[in-house]
Amino acid sequence: MQPEISIITIVYNGLPFLKECVESVLKQQFQNWELLISDDVSTDGSREYLTALNDPRIKLFAQEKNLGIFGNLNFLFQQAAAPVCQILCQDDYFLSETSLQQVVNYWNTAAPETGFARFNHESVTGKHLLEYQKSSVPALIKAGKADIWFYIFGNLPGNLSNVSLRTSLFAKAGWFDQSLPYAGDFEFWSRAARFVDFGVVDTSVTYIRRHPNVASNYLNKKGELIRQKHIIVERLYNAVQEQYPGNTFFVKLHGTLQYDSLQRDAAIKFYLKGNKNFFKELNGLKSGYAFSSLGKWLLYIISAGGRCGRIFSAKRLLKGV
């Protein structure tokens with residue numbers, strides 16, 4: 001029998017949290033699933049644990065060389081037998097025994113134009129722009145209309161475990177870009193939203209775990225994310241300029257606050273700790289979406305390191321949407 005949903009889990013040294021992840025799948029009341037796991041040459045016993053699992057719905061792919069996060073995702077999505085996939089990272093788990101049923105129910109009623117959906121939006125927490133995101137982003141963003149939303153809020157889907165999608169999405173939008181190993185998800189979702197509708201669902205179905213060894217804490221030690229995010233934001237800026245002409249000042253204002261001032265603040269903190277890489281990366285960028293060097297510093301000071309002003313600029317940009 002063909003599974004109704006494929007659960008996609010990439011693993012690299014996932015213990016001890018990996019066990020809770022897998023157990024949360026096995027506890028689901030909805031049973032017509034397959035769990036596809038790609039182990040990226042783990043050395044902590046993860047592969048041995050996975051090999052010992054004997055549920056036929058669990059399929060383990062033991063890689064011989066490290067493919068990285070997005071290489072593994074591309075590989076697993078090509079193996080998926082179901083029309084819909086749910087990403088579940090090794091550190092995370094389904095919140096309840098009905099989580100998977102809620103995801104399946106969503107896709108059973110979603111319009112065929114909807115290509116991917118971000119769940120857990122009710123759990124968005126934080127100050128300033130994050131709170132505004134929670135109250136302003138619509139439940140459905142139509143295909144080709146998402147550039148402004150991604151430009152304003154960044155990677156709207158957030159953690160990979162928030163996302164489920166139609167397996168056919170890759171035939172329309174292509175694959176995750178492995179040349180962006182730190183920002184490939186941001187690039188892919190913003191690109192995919194030009195081809196399909198993007199759902200934003202309040203319902204929480206997965207628990208996103210934060211801990212010292214989470215990938216985002218060790219993959220960006222030299223500021224690699226800054227340049228990769230710059231490539232994506234530059235593309236979004238050009239698209240927004242084309243779609244909403246005559247609004248250049250506020251587009252640049254928001255771009256400077258969101259993508260320079262905040263990162264400048266973080267770079268200064270790293271610099272004071274002896275890590276000059278972030279500041280070097282930031283100063284080496286030539287961006288259309290931000291003001292001049294003097295303007296960046298002035299806005300950094302006025303906005304208290306990007307903490308103030310982003311809601312104002314976001315509201316001005318969304319007036320025309």
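Is Arg 209 buried or exposed? With a relative accessibility of 13%, Arg 209 counts as buried, because buried means under 20% relative accessible area. The structure described here is a predicted model.

**Annotated domain**
- According to UniProt, in an unreviewed entry, residues 6–109 carry the annotation "domain: Glycosyltransferase 2-like".

- Eight strands form an open sheet with mixed pairing, in the order β3-β2-β1-β4-β8-β6-β9-β7.
- The edges are taken by β3 (58–62) and β7 (140–141), each of which has a single partner strand, so one side of each is left without a neighbour in the sheet.
- Strand β7 is joined by two bridges to β9 (residues 197–200), and these two strands run antiparallel; Ile 141 has Phe 198 in β9 as its bridge partner.
- Helix α1 (residues 17–26) lies across β1 (5–11), β2 (33–39) and β3, and runs at about 165 degrees to β2.

**Surroundings of Arg 209**
- Arg 209 is placed in the loop between β10 (206–207) and α9 (215–218).
- Its side chain makes a polar contact with the side chain of Glu 20 at 2.6 Å, and the side chain of Arg 209 also reaches the backbone oxygen of Asp 91 at 2.8 Å.
- Arg 209 and Ser 261 are 52 residues apart along the chain, and a distance of 28 Å separates their C-alpha atoms.

**Aromatic rings**
- The count of aromatic pairs comes to 29, and one of them is the stacked pair of Phe 116 and Phe 198, with 4.5 Å from centre to centre and 15 degrees between the planes.
- Phe 116 belongs to strand β6 (residues 114–118) and Phe 198 to strand β9, so this pair ties together parts that are 82 residues apart in sequence.
- Phe 116 is buried, with a relative accessible area of 0%, and Phe 198 likewise counts as buried at 0% relative accessibility.
- The ring centres of Phe 176 and Phe 188 lie 4.4 Å apart with their planes at 35 degrees, so this pair is tilted.
- Phe 176 sits in the loop between α7 (169–173) and α8 (184–192), while Phe 188 is in helix α8, 12 residues apart, and both Phe 176 and Phe 188 are buried.
- Ring pairs link a cluster whose members include Phe 70, Phe 77, Phe 116, Phe 176, Phe 188, Trp 189 and Phe 198.

Notes: Residues numbered from 1 in each chain as written. Predicted model: local features only at pLDDT ≥ 70, side-chain atom pairs only at ≥ 80, totals over all residues. Heavy atoms only, no water. UniProt positions renumbered as here; feature names shortened; annotations may be inferred. Pairing = 2+ DSSP bridges. Helix = DSSP H or I, 4+ residues; strand = E, 2+ residues; numbered from the N terminus. Contact = heavy atoms within 4.5 Å. Axes fitted to C-alpha atoms, helices over the stretch in contact; angles between N-to-C directions. Buried < 20%, exposed > 50% of the residue type's maximum accessible area, 1.4 Å probe, protein only. Polar contact = N/O pair within 3.5 Å; in protein donor to acceptor, adjacent residues only side chain to side chain. Phe/Tyr/Trp six-rings, centres within 6.5 Å; stacked < 30°, edge-to-face > 60°.
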